[in-house]
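This briefing goes through a protein model by topic. Please keep the sequence and the structure in view while reading.

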Amino acid sequence: MSVDLNTVKRVAGLARIKVSQEQAETMTGELNVILGFVEQLDEVNIDGVEPMTSVVEQFMKKRIDDQSDGGYADKIVSNAPVHEDNFFTVPKVVE
Amino acid sequence: MTDLTKLTIAEARDKLAAREFTASELTESYLGAIEAGNEALNAYVAVTGDIAREQAKASDAKIAAGEARPLEGIPLGIKDLYATKGVHTQACSHILDGFKPEYESTVTQNLFDDGAVMLGKLNMDEFAMGSSNETSFYGNVVNPWRRNGSDTALVPGGSSGGSASAVAAHLCAAATASDTGGSIRQPAALTGTVGTKPTYGRCSRWGMVAFASSLDQAGPIGRTVRDNAILLKSMASVDAKDTTSVDAPVPDYESFIGKSIKGMKIGIPREYRMDGTPAVIEELWQQGIAWLKDAGAEIVEISLPHTKYALPAYYIVAPAEASSNLARYDGVRYGLRVPGNDIVEMYENTRAAGFGDEVKRRVMIGTYVLSAGYYDAYYLKAQKVRTLIKRDFDTVWADGIDAILTPTTPDAAFAPGEITDPVTMYLNDVFTVTANMAGVPGISIPAGVNKDGLPLGLQLIGKPFDEGTLFQLGDVIEQAAGRFEPSTNWWSK
């Protein structure tokens, strides 16, 4: 499988990365080289093979459904580029 | 004083205990070495002299009180991917500009709890995506090794290029690193240092900037096998904050050093003999086989039939996980924000400006293979191939093989700009990536040099949670091969 310019632009939109026409053209070539490389996997017989979910066999650990941490909203927002009264601030979303 | 930077961790530990010098003197020696050498090597992106001096002072008090901990006063470099409280933590990406975490990663906390000193944060490929340390927002790291009679700069490998370069140039006693497809072992091989990727789940991933969560694992780069054993003992732990960390006792890895390897069965996988590999790599491999045989090990030819599919499967799984993990960088909660007319444009502008080309490529590949209609053809298939890769290893262990010996890399260090095609760059990890895909541990030990005098590494791959055997075998190779140091310290001004 390979991607065309429109697919690359659509995927860039999904990935929320702004790309120029020129960048999209360059990326199309690069992504097709990588997709061509992974095409080797078509040679492998995977009939009846379970997909890997974890390399280490262990039961999912569970914890008590309880608050174990928190109470420091000021620290949570301290690295935000813009914040106000312990809220993250973003451009207007709802009209 | 500069002589103190020549000491291994084991030597420094013993001499500190014997009061031959103080932890403060040891730390000052390293800070001096960084001051003199970092401009040329660009290994550190932030030097934390004040923290180091304070920690060293505390270590001196502990030593004086007779309460020295396992890593008391040992100066370490920390890869920029580990969250360090109040200190530069950006995984060398522009998008994390100014990020200073309010918390400490479990691995660094474990090291500090054992008395280690932090000298600073080490350069790396952006988000650990790269094999040459050319994708860092903070510029290339330079390898302290050069070809005989040449001044040409060489790459230190990646993504833990800053860690490997700093250890090789004695700008720290050892360093933390991380390995998703070979990012500890490949730079270790290219710089004449020892690097260990532990079993998946051996170290907590809490506070490590995530790249591909099912593959990422913390580990050390040091100058000797013993130093790796000492460090891993402190780094490894089960952690409630990482459900994939495994609740298994952490052995005294150092006790494996020097134990006889007589009767151990070492597998030599025929699939690691690849077309186009230079003759010197094959010779190195044969030399390694001879050393282990001389020490009493039994050499067995084995087959890992799905080896060649590990790298293509990796280039689906890793970008897929990366595209999900890196979705968090949106200009809202931390780091860079580039304004836009609405929130979507703000996201798109921020991510366009904040991510480098290689990161964008991988996020795009990951987004594509996970997008509607392609999931089964790519991601699901890759995860099935991964099952087969792990099964290859399980079969070999079931046949009684104790460890596997391979070359670490297909060649020695190269010059920056020499490899421009992404897939050719990816092939640097062809021998290391299988261990990540199967979750098993691996170690790279320097074992020889090529015709240009550049170091080359041998890799040992072990059974899950059997890092001890890797240190035991790795020490045999190290004893036979000797240690490898650059012939001059040209970087020091």
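**Overview**

Over all chains, the structure holds 27 salt bridges. The model is predicted, and the values below are computed from it.

**Interface of chain B and chain A**

- Between chain B and chain A, 16 residue pairs are in polar contact, counting pairs with both residues at pLDDT 80 or more.

**Salt bridges across the interface**

- Side chains of opposite charge can pair when their charged atoms come close.
- The interface of chain B and chain A has 3 salt bridges.
- In a salt bridge between B:Arg361 and A:Glu30, the N to O distance is 3.0 Å.
- A:Glu30 and B:Arg361 also belong to a network of salt bridges that links them with B:Glu358 and B:Arg362.

**Helix H1 of chain A**

- Four residues of H1(A) are buried, namely A:Thr7, A:Val8, A:Val11 and A:Ala12.
- These residues lie on the same side of H1(A), because they cover an arc of only 140 degrees around the axis.
- The cover over the buried residues of H1(A) includes H2 of chain A and H11 of chain B.
- After H1(A) comes A:Arg16, with a positive phi near 55 degrees.

**Positive phi in residues other than glycine**

- A:Arg16 is not a glycine, yet its phi is positive, at about 55 degrees.
- The place of A:Arg16 is the loop between helix H1 (5–14) and helix H2 (21–38) of chain A.
- A:Arg16 has a relative accessible area of 33%, so it counts as partly exposed.
- In chain B, B:Arg19 has a positive phi near 60 degrees and is a residue other than glycine.
- B:Arg19 lies in the loop between helix H1 (9–17) and helix H2 (23–41) of chain B.
- With a relative accessible area of 53%, B:Arg19 is exposed, since the cut-off for exposed is over 50%.

**Cis peptide bond in chain B**

- The peptide bond that joins B:Gly158 and B:Ser159 is cis, with omega about 5 degrees.
- B:Ser159 is located in the loop between strand E3 (117–122) and helix H5 (161–168) of chain B.

- B:Asp411 sits in the loop between strand E9 (403–407) and H13 of chain B.
- The relative accessibility of B:Asp411 is 38%, which means that it counts as partly exposed.
- Leaving out residues up to four places away in sequence, B:Asp411 touches B:Leu190, B:Pro278, B:Ile281 and B:Leu456.
- B:Leu456 is 45 residues from B:Asp411 in sequence, while their C-alpha atoms are 7.5 Å apart in space.

**Selected salt bridges within chain B**

- B:Lys62 and B:Glu67 form a salt bridge in which the closest N and O atoms are 3.8 Å apart.
- Both B:Lys62, with a relative accessible area of 28%, and B:Glu67, at 45% relative accessibility, are partly exposed.
- B:Arg69 and B:Glu72 form a salt bridge with the closest N and O atoms 2.9 Å apart.
- B:Arg69 is partly exposed at 28% relative accessibility, whereas B:Glu72 is buried at 4%, the cut-off for buried being under 20%.
- The salt bridge between the side chains of B:Arg483 and B:Glu485 has an N to O distance of 3.3 Å.
- B:Arg483 is partly exposed at 38% relative accessibility, and B:Glu485 is partly exposed with a relative accessible area of 34%.

Technical notes:
Residues are numbered from 1 along each chain as its sequence is written. Chains are lettered from A and ligands numbered from 1 in the order in which they are written. This is a predicted model: local features need pLDDT of at least 70, side-chain atom pairs count only at pLDDT 80 or more; totals for chains, interfaces and linings use all residues. Side-chain values use heavy atoms; hydrogens and water are left out. A salt bridge is a side-chain nitrogen of Lys or Arg within 4 Å of a carboxyl oxygen of Asp or Glu. A polar contact is a pair of N or O atoms within 3.5 Å; within protein, one must be able to donate a hydrogen and the other to accept it, and residues adjacent in sequence count only if both atoms are side-chain atoms. Helices (H or I, at least four residues) and strands (E, at least two) are DSSP runs, numbered from the N terminus. Buried means under 20% relative accessible area, exposed over 50%, partly exposed in between (1.4 Å probe, protein chains only). The arc is that of the directions from the helix axis to the C-beta atoms. Contact means heavy atoms within 4.5 Å.
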